[in-house]
Amino acid sequence: MDLMERVAEFEGRKMSGMTTSDRVTSSREVKALILEINEIYKETKEVELMDTMKRLTVLKKKIEKRLKGNPTA
């Protein structure tokens with residue numbers, strides 16, 4: 001499967017109702033996608049790739065924020 005197809009599939013996924021295990025898996029998957037895109041971006045410097053990485057980073061932050069939870073004090 002093409003890299004951009006995998007990105008589109010990931011962005012189209014439903015993020016609500018995920019278990020903790022699903023969140024961990026998704027976080028790792030999106031990290032791998034970002035790193036793959038970054039390797040291509042280093043060579044080509046395409047603006048579209050940077051925009052894609054930014055969108056994926058926002059999703060990754062949302063997932064990880066939910067994983068870490070709120071501190072109780």
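Contact here means heavy atoms within 4.5 Å. With that in hand, welcome to a predicted model of a protein with three helices and zero strands, where helices (H or I, at least four residues) and strands (E, at least two) are DSSP runs numbered from the N terminus. In this predicted model, local features need pLDDT of at least 70 and side-chain atom pairs count only at pLDDT 80 or more, while totals for chains, interfaces and linings use all residues. Residues are numbered from 1 along each chain as its sequence is written, and side-chain values use heavy atoms, with hydrogens and water left out.

**Overall layout**

- Along the sequence, the pattern reads α-α-α.
- Taken along the principal axes, the C-alpha atoms fill a box of roughly 45 × 25 × 15 Å.
- The protein has 73 residues, and 26% of them count as buried; buried means under 20% relative accessible area, exposed over 50%, and partly exposed in between, using a 1.4 Å probe and protein chains only.
- Among contacts with a separation of 6 or more, 60% come from residues 24 or more positions apart.

**How α1 meets α3**

- Two packed helices are described by the angle between their axes and the distance between the axes.
- For α1 and α3 the angle is about 35 degrees, and the axes are 11 Å apart; axes are lines fitted to C-alpha atoms, for helices over the stretch in contact, and angles run from 0 to 180 degrees between N-to-C directions.
- The α1 and α3 crossing is left-handed, a term used if the near helix is turned anticlockwise from the far one by less than a right angle, with right-handed used if clockwise.
- On the α1 side, Met4, Val7, Phe10 and Glu11 meet Leu49, Thr52, Arg55, Leu56, Leu59 and Ile63 of α3.
- Sorted by class, this contact of α1 with α3 has seven nonpolar, one polar and two charged residues; Ala, Val, Leu, Ile, Met, Phe, Trp, Tyr, Cys and Pro count as nonpolar, Asp, Glu, Lys and Arg as charged, and the others, Gly among them, as polar.

**How α1 meets α2**

- Helix α1 (residues 3–11) and helix α2 (residues 20–44) have axes that come within 11 Å and cross at roughly 145 degrees.
- Here too, α1 passes α2 in a left-handed crossing.
- Leu3, Arg6, Val7, Glu9 and Phe10 of α1 meet Ser26, Glu29, Val30, Leu33, Glu36, Ile37 and Ile40 of α2.
- The residues of this contact of α1 with α2 divide into seven nonpolar, one polar and four charged.

**The buried side of α1**

- Leu3, Val7 and Phe10 are buried in α1.
- These residues sit on the same side of α1 because they cover an arc of only 65 degrees around the axis, the arc being that of the directions from the helix axis to the C-beta atoms.
- An α-helix has 3.6 residues a turn, so residues three or four places apart point the same way.
- The buried residues of α1 pack against both α2 and α3.

- Ile37 lies in helix α2 and is buried, at 0% relative accessibility.
- Apart from neighbours within four places in sequence, Ile37 is in contact with Leu3, Val7, Leu49, Thr52, Met53 and Leu56.
- The C-alpha atoms of Ser26 and Glu64 are separated by 9.5 Å, although the two are 38 residues apart along the chain.

**Two lysines to look at**

- Lys60 is in helix α3 (residues 47–68) and is buried, with a relative accessible area of 18%.
- The side chain of Lys60 makes a polar contact with the side chain of Glu64 (2.7 Å); a polar contact is a pair of N or O atoms within 3.5 Å, and within protein one must be able to donate a hydrogen and the other to accept it, while residues adjacent in sequence count only if both atoms are side-chain atoms.
- Not counting residues up to four places away in sequence, Lys60 touches Ser27, Val30, Lys31 and Ile34.
- Lys45 has its place in the loop between α2 and α3 and is exposed, with a relative accessible area of 54%.
- Lys45 has a positive phi of about 60 degrees although it is not a glycine.
- Most residues other than glycine have a negative phi.
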